[in-house]
Amino acid sequence: MWSCSPLNGTGRGEDQPLCPHFHLVLSTFSLLYLVVGVPVGLGYNALLVLVNLQDQSSMTMPDVYFVNMAVAGLVLSTLAPAHLLGPSSSGWALWGFSNEAHITLLVLFDVCSLVTMYSTALLSLDYYIERALPRTYMSSVYNSRHVCGFVWGGALLTSFSSLLFYICAHVAARVVECAKMQHTEAADAIMVLIGYLVPGVAVLYALVLISRVHKEDTPLDQDSGRLDSSVHRLLVATVCTQFGLWTPHYLTLLGHTSLALRGEPVDGQHLAILLFAKDVSRCLAFSSSSVTPLLYRYISGSFPSKLRRLVKKMPCGRQGCSEDQAGVQQVLA
């Protein structure tokens, strides 16, 4: 993924000495993520899904959204090696793939991005509903599961338009329908609008409402039927993490689209900056798949008890199970 070859022949030789240093830093960062981040993301996302699905009756509304984000994180962690090691333009790529495979990887990446961002936004809105209107079941587990299904369906439908732009950018120019949509900047603009601005506005609106509700706490907040107090800290940490790690990616898409609309040629120093920002932002976006389950692991108040129940249900002997439980208790402590 990290290569100086796209800058060759741009006529800006003075920018070239910095490129090898960027190449080394980005290569080291990507390899570190592949060695550490991908296994952590796969392991903790799978654990998050198993811990919640083993006893679905104990799942709460936030758990449903985190399971949804964990599934998207599993897909992102699976796609990471192909994205970071596969492009043929890389100077040290381990493999190459066709345009069709490249388009498929981009579409799957966009789908996971949409699912992650909208799950975060809907979690914020449902948390406000739960705080403002307790025991109305408007933000119940049943409703959240159906909403998550619509999120995946909407992400697939939204990515279909991007898929058309990517396909038409690689087919022959003689096709009349595709001749009018040869550039992928339109797909990037759609992703920025639908994948970032819309959920961003929804999250800001929900956080403002939640802050107002917190200022008007009542004795109902001590009700045992309300959400655990750790959910608020988990919500704030998740929102800050997701938007912090995904914002650079959408900013690079917006920058690329802006340069294309202004008609400026993307070469020389602009190309170097754009490629560097794109590579860094893509790696940060992938890292969100391993950071979010870690936040759930350390902040969620219900995770330890669910993990213990999962260990008890494991098919093993009494001695083996007792040893596993002791190890789990040490980890949780």
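**Surface, salt bridge and helices**

Author: Leu-32 is part of helix α1, which covers residues 18-53. Keep in mind that this is a predicted model.

Reader: Is Leu-32 buried or exposed?

Author: Leu-32 counts as exposed, because its relative accessibility is 52% and the cut-off for exposed is over 50%.

Reader: Which residues form a nonpolar patch with Leu-32?

Author: Val-35 and Val-36 do. Together the three have about 290 Å² of accessible area on the surface.

Reader: Switching to charges. How many salt bridges does the structure hold?

Author: One. Asp-63 pairs with Lys-306, and their closest N and O atoms are 2.5 Å apart. The pair links distant parts of the chain, 243 residues apart: Asp-63 sits in helix α2 (residues 61-85) and Lys-306 in helix α9 (residues 303-312).

Reader: Are those two buried or exposed?

Author: Asp-63 has a relative accessible area of 3%, so it is buried. Lys-306 is at 2% relative accessibility and therefore also counts as buried. The cut-off for buried is under 20%.

Reader: Back to α2. How many of its residues are buried?

Author: 20 of its 25, so α2 is largely enclosed by the rest of the structure.

Reader: What distance does α2 reach from first C-alpha to last?

Author: α2 reaches 37 Å, close to the 36 Å expected at 1.5 Å a residue. There is a kink of about 35 degrees in α2 at Leu-79, shortly before the proline Pro-81.

Reader: And where does the kink in α7 lie?

Author: At Thr-247, shortly before the proline Pro-248, with a bend of about 35 degrees. Helix α7 runs over residues 230-261. Its 32 residues should span 46 Å at 1.5 Å a residue, and the end C-alpha atoms are 45 Å apart, so the two values agree.

Reader: Last topic, annotation. Which residues does UniProt list as "transmembrane region"?

Author: The unreviewed UniProt entry lists residues 31-53, 65-85, 105-129, 150-173 and 189-210 under that name.

Reader: What does the model show for residues 65-85?

Author: The span is 100% helix and 0% strand, and its end C-alpha atoms lie 30 Å apart.

Reader: And how far apart are the ends of residues 105-129?

Author: The end C-alpha atoms there lie 36 Å apart, and the span is 100% helix with 0% strand.

Technical notes:
Residues are numbered from 1 along each chain as its sequence is written. This is a predicted model: local features need pLDDT of at least 70, side-chain atom pairs count only at pLDDT 80 or more; totals for chains, interfaces and linings use all residues. Side-chain values use heavy atoms; hydrogens and water are left out. Patches are made of residues with over 30% relative accessible area and no salt bridge: like charges are joined within 9 Å, nonpolar side chains (Val, Leu, Ile, Met, Phe, Trp, Tyr) within 5 Å. Accessible areas come from the Shrake-Rupley method with a 1.4 Å probe; for residues, only the protein chains shown count as cover. A salt bridge is a side-chain nitrogen of Lys or Arg within 4 Å of a carboxyl oxygen of Asp or Glu. Helices (H or I, at least four residues) and strands (E, at least two) are DSSP runs, numbered from the N terminus. Buried means under 20% relative accessible area, exposed over 50%, partly exposed in between (1.4 Å probe, protein chains only). UniProt positions are given in the numbering used here, feature names are shortened, and annotations may be inferred rather than shown by experiment. The expected span of a helix is 1.5 Å times one less than its number of residues. The bend at a residue is the angle between axes fitted to the seven residues ending there and the seven starting there.
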